[in-house]
Amino acid sequence: MTTTTLKANSRLERVLAGGHFALTVEVGPPRGANAEPVRKKAAILKGLADGYNVTDNQTAVVRMSSIAAAKLLLEAGCEPIMQMTCRDRNRIAMQSDLLGAAALGLRNCLCLSGDHQGQGASGKLKGHPGAKNVFDVDSIQLVAIVKRMRDEGLQEGGDALTEPVPFFIGAVWTPLSPPEDFRVLRLAKKIEAGADFIQTQAIYDVERFAAAFAKARDMGLAERAAILPGIIVPASAGMLKYMNKNVPGVEVPEALIKRMEQAKDPKAEGARIAVELIEAMRAIPGVKGVHLQAIEAEERLPEIIKAAGLSPRPEVD
Amino acid sequence: MIIGEWKPIPELVEMLRGHKKILLVGCATCVAECAAGGEREVETLAPLLRIALETDGNPIEIQTQTLERQCEWEFVEALDAQVPTVDAVLSIACGIGVQALAERFAETPVYPGLNTTALAMREEAGLWTSRCAACGDCVLGVTFGLCPVARCAKSLFNGPCGGTRKDGKCEVDENTDCIWCKIYERAKARGAIDALLQIRKAKNWGNSRHGGPKRILREDLRP
Amino acid sequence: MKSQPESPQTFKPEIVLLVCQGALAQGADLETAARRVTSFKALPVVLPCTSKIDISYLIKLIEQGADAIVIVGCPAGACSFLIGTDRAQKRVTRARALLELVKMNPERIWLDRGAKLPAEQILALAEARAQAVRPLGSNPMKREKVS
């Protein structure tokens, strides 16, 4: 596969283009200006994944910006996937930040709507519920904007850019949120708009996901874009219950909750569940990889990645 | 209509402290419709504020009036004789009415007693919900009559986002429908899902508040 | 929640009675019976239905110094005007909430129910409320009554 057929030549893109099962992981930036926590996480995860997502003020809580943290990861040898929500920036700031990000060497961008700031930052932090949100464009329009910058070298308003902007474009799929039968059609819209890869909301119900994925595959979507189901490593039964109740689109089967409740060592059990989920996803024809997350517990990922047989990563440089 | 709600009593007390005689003015149109600023509310808020200020150590005389509409000069003029006799005016009209009074009676402080919040409709008795966001580029023709700008918390044009709750409500408020769920249901009922497969391009917000304070001038209607 | 200090034992609470026709026995003379009361001051008003009571009346009565308002309406489901008594309940709830916002004890507005009660029984309800609000003291708005 020659580089001329690649859109951004990121490692993630090359892994997928080479037909390998891809692995992306998530790195949460700190609620502060210290680069060290980011570097520490990079040191733990270096070489273990094909792309490292950096969230963008997730749950509308102010954290180090995705682009800045992503640059730190890049410098530390981890190819980042920056994330950009539609909540905090208008199209002018978005395009400007994307130009800057590309100039700094970032090559993957996940486009998403973003959590509404009124949510109260998952109850534990104050956040900024009184902030004015932006939502100038939605996630699908943002995907189209990035595609236009890349493939036509044009800004959304029509002005030319000095050169095209190379990004491997990502979007999110939440297959199990209502209205369920529309979700795969909306996925089609995202891919039509220009999404190259898709990461899903955390999946715990493999059967239901497989059914939704089959529809996507039947529509040819799984070949036009690489779909990577999301897996969040369970830390406790409480966490699963919380997510099942409070995180839209996350459905946790009762059996899994019971399993965590009865586990003598919940952390170890959670790791086992994560490995099983990875293997289950791998077994679904057409799934091109997985997106693994351990919220504020990135140090748990290396053992899980190894246990799931996803180490070492393929050579694609 | 325009809806609003009373400012919190402590905020009103703060505004009126130091004044001895004020005029509380209501409006019999939009804010009366949403039971915030009509005559009934004037007659409830006046004694309530008298109690609040009295017990705050600031006895106050509150005169009352309710205009048909506070956004028409011909109704506002009716207060010409009364306003100069008071220290201040407290208007429980929407922001438009407050400004009309403030403009006409430039010498007298005019305070807002309401927080104006939305362009809404009374869904049922006692329940008002937002309907329009005055975006200046109406898309109701392509969203089956349901406004995603006003009624989607993220104003999505290609919704729904992943935040729809299991029961079809919006992640932001358990009482609010995910309007994109509703739009989809309508499309499905009419056999018109295809319409939702089209990617809606980025909106031109220039004809709304985002383009600057709105001004409409019609030469044919000028004096 | 006490809004004012204890007052002297000579305090005679002023109780406004808002009674609907259905709650009052036919032919009962509430006015005469009210004049005979000595431990508190009863101010009776008979209405066709408690739903005639607007929230603004309740607030005004308190603002003008009433120590308590006792509304006597028909029992739920027995209102001659079907839902009048339910309406009154909702308005009483809101009026009490408004009183709390201005640091007035919401107990000063009370809703009782009864059907065709003789005057003495209605006054007994008023007396009960008078006793209940005695510890709250006289309505502070009484001190500065606007003429």
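Predicted model: local features only at pLDDT ≥ 70, side-chain atom pairs only at ≥ 80, totals over all residues.
1. Helix H3 of chain A spans residues 66-75 and is mostly covered, with seven of its ten residues buried. These are A:Ser66, A:Ile67, A:Ala69, A:Ala70, A:Lys71, A:Leu72 and A:Leu73. Just after H3(A), A:Gly77 adopts a positive phi of about 95 degrees.

2. Chain B contains nine strands and eight helices. Its radius of gyration is 22 Å, well over the 17 Å given by the globule rule for 223 residues, so chain B is more spread out than a compact globule. Taken along the principal axes, the box filled by the C-alpha atoms of chain B is roughly 65 × 50 × 25 Å.

3. Of the 223 residues in chain B, 42% are buried. For contacts in chain B between residues at least 6 apart in sequence, 54% link residues at least 24 apart.

4. Between chains B and C, twelve residues of chain B are in contact with 15 residues of chain C. On the chain B side, helix H3 (residues 39-54) gives the most, with nine residues. The residues on that side of chain B comprise six nonpolar, four charged and two polar.

Key:
Residues numbered from 1 in each chain as written. Chains lettered and ligands numbered in written order. Helix = DSSP H or I, 4+ residues; strand = E, 2+ residues; numbered from the N terminus. Rg over C-alpha atoms; globule rule 2.2 N^0.38 Å. Buried ≥ 20, exposed ≤ 12 C-beta atoms within 10 Å, placed from the backbone. Contact = placed C-beta atoms within 7 Å. Nonpolar A, V, L, I, M, F, W, Y, C, P; charged D, E, K, R; others polar.
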